[in-house]
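Please look over the sequence and the model below before reading on.

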Amino acid sequence: MKSFSSGSLQTDPSNRKLCSCSIFHAAAFLCMVFVVGTSFVAFDYKEKMSAEIPTDAVEITRGNLQTDLSKLQTPRANSWSHESTQSKSCESPCISSGSEPLPKGIVMRKSDLEMVPLWGPPKAKESVSSQKSLLAIPVGIKQKEIVNKIVTKFASHDFTVMLFHYDGVVDEWKDLQWSEGALHISAINQTKWWFAKRFLHPDIVAPYRYIFLWDEDLEVQNFHPERYLSIVEREGLEISQPALDPAKSQIHHQITARLRKGHVHRRMYKFNGGGKCSKKSSSPPCTGWVEMMAPVFSRAAWRCAWHMIQNDLIYAWGLDMNLGYCAQGDRTKKVGVVDSEYIVHTGLPTLGGSDEKMGSSDLHAANHRFAVRRRSYVELEIFRNRWQKAMAEDKCWTNSYPEH
């Protein structure tokens with residue numbers, strides 16, 4: 001069993017620009033494009049802008065192709081003096097930030113969550129199956145039975161399982177058949193989103209097809225992972241969730257309730273009271289919206305969503321209203337609720353204590369839960385303010401949903 005304690009792994013999120021040089025070599029050009037016949041020359045030098053280049057735009061035409069191209073190149077940071085004698089074919093921006101001193105053949109840009117044997121002869125590590133997905137759940141030992149049922153459903157398919165132990169209890173899970181093959185990460189009194197921000201960096205989970213980031217209080221008798229994913233792929237959903245059984249679940253937003261007709265729905269209708277939703281509605285939670293208790297992300301959607309998770313806001317309230325920006329297209333089409341594979345949300349108040357057998361000695365647990373809820377509302381307001389401020393300050397950003 002693999003166990004991590006709090007304060008462990010965190011990956012540098014700054015490395016966002018990856019250039020696949022192998023593709024460029026196969027096409028016989030090195031991050032440059034020469035279009036012969038049109039007298040047009042274009043260079044990809046976003047990270048090598050020289051101070052010698054004028055700030056105003058320069059048009060390169062047939063008459064000035066003799067421009068001194070050397071002025072468009074500057075040495076890489078931390079480069080050695082002998083680089084000036086190297087062939088210009090070595091000058092390429094296709095380098096991971098921080099790896100400049102290394103030969104490119106040794107650089108491993110990504111990782112995964114697969115375990116490696118501790119002894120025996122080293123074996124060539126096979127890449128993660130292109131069909132493999134990830135299930136990550138925050139867990140406490142009091143929910144061991146229900147978590148076991150969830151994981152058992154997934155473990156029999158092509159899934160990597162990661163448990164976030166918020167109560168610090170790890171060893172008591174060892175008796176479960178799948179436990180040894182799961183990854184166990186322990187940090188006391190931390191939330192799902194705290195764990196996700198620190199241990200599910202996009203470069204770590206990039207090999208996985210889908211990321212299931214679920215709560216522990218879900219019943220899965222009517223849910224089958226592979227059937228679910230086949231529907232998601234067929235419908236083109238980048239962000240999704242299984243529908244909730246309306247007779248047994250705690251429903252917070254009507255859009256999550258299961259519809260008995262069809263496999264998927266992408267919007268809800270509400271004609272009375274506040275927050276009306278009609279066919280013309282284009283904003284969450286009427287459409288383009290899932291709840292945060294059982295979201296499922298494609299790897300591309302997760303790469304976007306991870307960046308939106310605030311490092312200091314651990315409940316992610318407000319994040320769901322903006323997930324549509326990460327839908328890799330029209331959120332009214334790319335975000336949906338799967339009805340044919342549904343779950344039950346029991347709504348256990350696991351953060352701050354349990355409601356079971358409440359007595360005078362448990363009043364402190366009630367106080368903790370009240371404090372949790374109060375903190376959640378505070379974080380919601382903070383996130384909204386940050387979003388509004390970010391939109392106002394980023395003059396280069398185009399709002400895909402200006403009515404939002």
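## The largest pocket

In this predicted model, the residues that line the largest pocket divide into 17 nonpolar, 10 polar and nine charged. The lining is made up of 36 residues, and those that lie nearest the centre of the pocket are Asp215, His252, Glu291, Trp317 and Arg373. The volume of this pocket is about 1200 Å³.

Helices H3 and H8 each supply at least two residues of the lining, and the largest share, six residues, comes from H8.

## The nonpolar cores

The largest nonpolar core holds 45 residues, of which Leu200 and Trp302 touch the most other members. Several elements each supply at least two residues of this core, among them strand E4 (133-139), strand E5 (159-165), helix H3 (192-199), helix H6 (299-308) and helix H8 (363-393). A second, separate core has 33 residues, including Ile137, Ile150, Trp173 and Trp178.

Which residues does Leu200 touch, not counting those up to four places away in sequence? They are Leu134, Ala136, Met162, Phe164, Phe195, Val205, Leu213, Trp302 and Trp306.

## Asn311 in its loop

Asn311 is placed in the loop between H6 and helix H7 (331-334).

When residues up to four places away in sequence are not counted, Asn311 touches Lys197 and Arg198. Asn311 and Trp193 are 118 residues apart in sequence, and in space they are 8.9 Å apart, C-alpha to C-alpha.

Conventions
Residues numbered from 1 in each chain as written. Predicted model: local features only at pLDDT ≥ 70, side-chain atom pairs only at ≥ 80, totals over all residues. Heavy atoms only, no water. Core = buried A, V, L, I, M, F, W, Y, C linked by side-chain atoms within 4.5 Å. Buried < 20%, exposed > 50% of the residue type's maximum accessible area, 1.4 Å probe, protein only. Helix = DSSP H or I, 4+ residues; strand = E, 2+ residues; numbered from the N terminus. Contact = heavy atoms within 4.5 Å. 1 Å grid on protein atoms, 1.4 Å probe; cavity = no way out; pocket = protein on both sides within 12 Å on 5 of 7 lines; lining within 4 Å. Points joined across faces, edges and corners; volume = space filled by probe spheres on them. Nonpolar A, V, L, I, M, F, W, Y, C, P; charged D, E, K, R; others polar.
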